[in-house]
2 protein chains.
Amino acid sequence: MSDLLQRLRDRGWRLTAQRRVVAEVLDGEHVHYTADEVHARATARLPEIARATVYNTLSELVTIGEVIEVSTADRAKRYDPNARHRHQHLVCSRCGTIRDVHPVGDPLAALPEGERFGFSISDATVTYRGLCPDCSTDCSTDCSTD
Amino acid sequence: MSDLLQRLRDRGWRLTAQRRVVAEVLDGEHVHYTADEVHARATARLPEIARATVYNTLSELVTIGEVIEVSTADRAKRYDPNARHRHQHLVCSRCGTIRDVHPVGDPLAALPEGERFGFSISDATVTYRGLCPDCSTDCSTDCSTD
DNA sequence: ATCCTACCTTGGACATTGTCTAAGTCAAGA
DNA sequence: TCTTGACTTAGACAATGTCCAAGGTAGGAT
C-alpha cells in the first residue's frame, strides 16, 4: 500500500488531493473502515471532500485491485487495503472488530467437483465469527449474544 | 422446514396468518430470497401483509435458528430456510444465483491456534464465487466481468 | 361461547448506505 | 499559459432496513 500513489500514477490516474487523502487514510495499519469512516477521516484532512468522491475513489481502488471490499453481516461494506497478501477475516459477533487471519490450505480445494454445478469458480472467501477477547469477558450488556 | 409451523407452536408462538404465509413462502425448494422477494410472494397470498411484518418474522426465524441470513456482495440479505443441514454457498458473480454446496472437512480446523487472537470462534462461513454455466457461455453483456 | 389481554400487525415516518447527475473545477500535457 | 477531458461537488434519489403508535386478534380464562 505504501507506494500506492506511484502505482496509481503509473495507471494514468490524475493525482488529486482527494484521492491522495483517501489513499492516506487507508494506508498504514491494517484497518477495515466503512465508507463513512473513511469519509470522516478524510474530512479531517481535507474538510471539503464530498461523500460521493470517497465512494468513487473506493470503488476505483476496488476495481483495480488495490483494496478489497469486505461484506460482513453489518449493513455497510468495509474496505481492506491489505489486498496484496491473500487472507481471510475473523469478525467479532458483538463489537464487529475485524482481524486478518491466514488459514492453512486452500478453501477452494475443499469443494468437490460434484459440488460445483458447472460454475467456473474463481474465489473462496472464509469468514470466521466469534467473540473477541474483550467481548467474551465483558458481560455488561449481554453475554448470551452468540 | 416442513413442520416449521408445529415447531413454532411448540415455542409458544402465536400462529397468525401472516407468519404462516411467510413460512409457506420459505418452505419447499431451496430458495434464497431477499426480504423484498419474500414480501412480494407473501403479498400474492395475503395482499394486506405489511413489509414490517415480513421483516419482523424473518428476523424472528433467524433468531430461533430456523432460517439463515446470507450476506452476499449484494446489498440485500437473503434468507435461507435450509438451516437444518450445515452447508456453504456458491454465488454467481454475474447474475447472483446462489446454490447450496457441501465442501469436505471443517473450515474451522484450517485456522491455526496462533491465528485466533483469543477469539472464541463459533462459526466459519465459506462463500465461493464464480460464473454459473449460463453466465459463462452467454457473453451478450460482458464476458470480462470477473 | 364470550371476553381479555398480551402479543402481533399496520402504515408510514425515519435511518443508513449507496448511486446518479449537472455544473463547476483542476491536473497535467501541449 | 492554455486547454481539455477527467475529477469533484452538492444534493436529489434509490434501496434496504428499523421504529413507533394505534389498532387488531389468537388463544387462554371464565
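Select chain A and chain B together: they bury about 3100 Å² between them, 58% of it on carbon and sulfur atoms. Buried area here is the accessible area, with a 1.4 Å probe, that two parts lose on being put together, summed over both. Within the area that chain B buries against chain A, Phe117(B), Phe119(B) and Tyr128(B) supply 20%, more than any other three residues.

Before moving on, know that this is a predicted model: local features need pLDDT of at least 70, side-chain atom pairs count only at pLDDT 80 or more, and totals for chains, interfaces and linings use all residues. Residues are numbered from 1 along each chain as its sequence is written, chains are lettered from A and ligands numbered from 1 in the order in which they are written, and side-chain values use heavy atoms, with hydrogens and water left out.

**Stop 1: the protein interface**

Show the contacts between the chains. In contact are 39 residues of chain B and 39 residues of chain A, where contact means heavy atoms within 4.5 Å.

Color the side of chain B that touches chain A by element. Strand 4 (88-92), strand 5 (98-101), strand 6 (120-131) and helix 5 (133-137) of chain B each supply at least two residues. Strand 6 of chain B gives the largest share, 12 residues. Helices (H or I, at least four residues) and strands (E, at least two) are DSSP runs, numbered from the N terminus. By class, this side has 21 nonpolar, 10 polar and eight charged residues. Ala, Val, Leu, Ile, Met, Phe, Trp, Tyr, Cys and Pro count as nonpolar, Asp, Glu, Lys and Arg as charged, and the others, Gly among them, as polar.

**Stop 2: strand 6 against strand 6**

Select residues 120-131 in chain A, then strand 6 of chain B. The two run antiparallel, joined by 11 bridges. Strands pair if DSSP finds at least two bridges between them. Pick Leu131(A): its bridge partner is Ser120(B).

**Stop 3: DNA strand C**

Select the 20 residues around DNA strand C; Arg14(A), Arg14(B), Thr16(B), Ala50(B) and Thr53(B) come nearest. A residue is near a strand if one of its heavy atoms lies within 4 Å of it. Helix 4 (51-63) of chain A, plus helix 2 (17-26) and helix 4 (51-63) of chain B, each supply at least two residues of this surface.

Zoom in on the phosphates. One phosphate oxygen is 3.0 Å from a side-chain N or O atom of Tyr55(A). Another stop is Glu48(B), with a polar backbone atom 3.0 Å from a phosphate oxygen. For a base, go to Arg75(B): a side-chain N or O atom is 3.2 Å from a base oxygen.

**Stop 4: DNA strand D**

Switch to DNA strand D. Among the 20 residues surrounding it, the closest are Arg14(A), Thr16(A), Ala50(A), Thr53(A) and Arg14(B). Select Thr16(A): a side-chain N or O atom lies 2.5 Å from a phosphate oxygen. Finish on Arg75(A), with a polar side-chain atom 3.3 Å from a base oxygen.

How values were computed: Polar contact = N/O pair within 3.5 Å; in protein donor to acceptor, adjacent residues only side chain to side chain.
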